[in-house]
Structures are given as C-alpha cells and as structure tokens.
Amino acid sequence: MCGIVGYIGPRNLTNGIMVGLERREYRGYDSCGIAAVDGGLTIRKTAGRLQKLREILARDPAKGSIGVGHTR
C-alpha cells in the first residue's frame with residue numbers, strides 16, 4: 001500500500017513531508033521519494049527505507065513551497 005503526503009506553505013518543505021512519511025512508515029515499503037516545485041520540478045527518490053531518502057536530502061535538499069512525498 002502507498003502513502004502520499006502533500007505540503008503547501010512557507011516552512012521547510014523537506015521537514016514537513018518527511019514527518020508525514022515517517023508517520024506512515026509502519027505500512028512497509030520498498031521505495032520513497034519527494035517532488036518539489038520551486039521554479040521547476042525537483043525530484044529526489046530511492047529504493048529502500050526513509051533513512052536512505054533522508055541521506056540523499058542531506059546532500060542535495062529539495063526546496064520549494066509546494067511538494068509531495070510518497071512511499072511505495
């Protein structure tokens with residue numbers, strides 16, 4: 001089963017979406033990702049658990065005021 005989280009607002013997009021995805025972590029999944037809009041579309045995704053996505057975002061954050069996150 002998939003989990004989808006959306007965010008619109010002035011605060012840190014990555015933190016808001018990751019909190020929502022962490023609340024859905026119990027569902028079990030094999031991939032996750034974030035897409036953000038900030039003058040263009042930024043996508044960060046990975047196979048595996050949220051920790052791997054967290055590591056990717058630490059190196060290369062997704063920025064913007066509108067975004068979605070998913071687990072699959």
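Tutor: Start with pairing: two strands pair if DSSP finds at least two bridges between them. Strands (E, at least two residues) and helices (H or I, at least four) are DSSP runs, numbered from the N terminus. The model is predicted: local features need pLDDT of at least 70, side-chain atom pairs count only at pLDDT 80 or more, and totals for chains, interfaces and linings use all residues. Residues are numbered from 1 along each chain as its sequence is written, and side-chain values use heavy atoms, with hydrogens and water left out.

Student: OK, what order do the strands of the open sheet have?

Tutor: The four strands run β1-β4-β2-β3, with antiparallel pairing. β1 and β3 (41-47) are at the edges with a single partner strand each, so one side of each has no neighbour in the sheet.

Student: How many bridges join β2 and β3?

Tutor: Seven, in the antiparallel sense.

Student: Which side chains of β3 are buried?

Tutor: Thr-42, Arg-44 and Thr-46, which point to one face. Buried means under 20% relative accessible area, exposed over 50%, and partly exposed in between (1.4 Å probe, protein chains only).

Student: Switching to helices. Which residues are buried in α1?

Tutor: Leu-13, Thr-14, Ile-17, Met-18, Gly-20 and Leu-21. Seen down the axis of α1, they fall within an arc of 160°, so they line one face of the helix. That arc is taken from the directions from the helix axis to the C-beta atoms.

Student: What covers them?

Tutor: The cover includes β1, β2, α2 and β4, where contact means heavy atoms within 4.5 Å.

Student: And the core, which residues have the most contacts inside it?

Tutor: Met-18, Leu-21, Ile-34 and Leu-53, in the largest nonpolar core, which has 13 residues. Such a core is a set of buried Ala, Val, Leu, Ile, Met, Phe, Trp, Tyr and Cys residues joined through side-chain atoms within 4.5 Å. α1 gives the largest share, four residues.

Student: What does Ile-34 touch?

Tutor: Leaving out residues up to four places away in sequence, its contacts include Ile-17, Met-18, Leu-53, Leu-57 and Val-68.
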